[in-house]
Amino acid sequence: MRSGKGIRVVATTLTGVLAMSACGGGETQDSGPATLRITVWSANEAHLALFNEIADEYRQNNPDVTQITFDPLPFDTYTTALTTQIAGGNAPDLAWVFENSAPDFVASGALLPLDETLKKTDGYQYDDILPATLKLWQDDGKLYAYPFSTSPFGVFVNTDLLKQADQRTPAELIEADQWTWDNAFAAAGATGSATGKAGLVIRDFDYKDWSNLSTVWTGWGARAWSEDGGTCGFAEPEMVEAMTRLHRAVFTDKALPGPGTTADFFAGDAAMTITQISRASLLKDSGFAWDLVPLPAGPKGPYAVVGQAGIGVLKRSPNAEAAADFLAFLTNPTNSAKLAQFFPPPRQSQLTADTLAKTNPKLKPEQLQKVVIDGITNGVVKPSHAGQAEISQQVRAGLDPLWKADADVKAVLDGVCGKIQPLLAK
């Protein structure tokens, strides 16, 4: 476990560096060749191939931009790596920003306002963007990052493993109006026991990134903090009930791999995984039958959780104007439709099952409607808060004692609130 000093050093890096990057620094080039570098979280070959295809098309009509490079940074350490680049004077021209660090990036002044560039771009159709998808990326009426991906979480299912274990599939449970967390955990535990594989994997959680647990606890009506961000929600009854059920799923039902155990659904090592449709490309040549379904219903009924990512232009980039122009091209209606096969668009006109099916041949229109479109329409965004880096470190440290078979769930969650309430109240 990190020391308290270590947590503070890591957590204060983001806000400190962003504040520094908002003042002084590079000057925009008025003329001459420009090279652009964009940091992204994905090294997936299909993602990068599409990015580069769009970039090559842009460069054909903009010869002053001689090179556009997409720079993948590891998902688990993405924001830390980006912050390190900025602090080291090697900031990208454009950067992918996760929802959990959006409040800090947007409020810092480190990003260039995009409204004017996007609205004046011919054929951009700015008014087609759903206002709800812009909210996280706006401050004082200005847009500081484009909501590049508004992607609901769903459950990918290895139907072969479930049938091998003589379990009903989620599709069958949905048909019977029985797709609930209790039934999902039961099927996952039974499948793991019968096959020796994992049951259910919450992808990118790995007992570290606790924010991904919001895909579960939201079904109980739980929240990490209040709507205004000022009050801790971890000790509330809904969260205690949700985390107690999750704890039982891990240590009693054996429905989820325990701490220190990993399993890759896309390699055939798990019956189910919670993740977003951008991962669907990993199913190429999977070798097993699969499905995609919405999250199971919780005690509060059906629900959806959305992960968002924006792309913004670093204000201190010497090529900020060119970077903003490329961002307008990357996200125009035509390219937005192309990118929709991996990253659900914020454009209302493109959020139809028929439209998304054209670029998502792996997914059925019904899956796109129920998981993607309904999820974007009704979902809540994963937890985000100003100063989230420090808050996240404290939550993770506070939850560490929970991942033991004999944990006192209520006491652990009370402890989490003790750690983060002073931070929320800042």
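1. A disulfide links C232 and C417, with an S to S distance of 2.0 Å; the term covers a pair of cysteine sulfur atoms within 2.5 Å. Searching the whole structure turns up one disulfide. C232 sits in the loop between helix 10 (214-217) and helix 11, and C417 in helix 17, so the pair ties together parts 185 residues apart in sequence. Helices here are DSSP runs of H or I, at least four residues, numbered from the N terminus.

2. Keep in mind that this is a predicted model: local features need pLDDT of at least 70, side-chain atom pairs count only at pLDDT 80 or more, and totals for chains, interfaces and linings use all residues. Residues are numbered from 1 along each chain as its sequence is written, and side-chain values use heavy atoms, leaving out hydrogens and water.

3. Which hand does the disulfide have? The torsion about the S-S bond of C232 and C417 is about -80 degrees, so the disulfide is left-handed.

4. Are the two cysteines buried or exposed? C232 is buried at 6% relative accessibility, and C417 is buried at 12% relative accessible area (buried means under 20%, exposed over 50%, partly exposed in between, with a 1.4 Å probe and protein chains only).

5. Now the helix pair. The axes of helix 11 (residues 237-251) and helix 17 (residues 409-424) come within 10 Å and cross at roughly 125 degrees; axes are lines fitted to C-alpha atoms over the stretch in contact, with angles from 0 to 180 degrees between N-to-C directions.

6. On the contact itself (heavy atoms within 4.5 Å), helix 11 brings M239, V240, M243, T244 and H247, and helix 17 brings V409, K410 and L413.

Definitions and conventions: Helix = DSSP H or I, 4+ residues; strand = E, 2+ residues; numbered from the N terminus.
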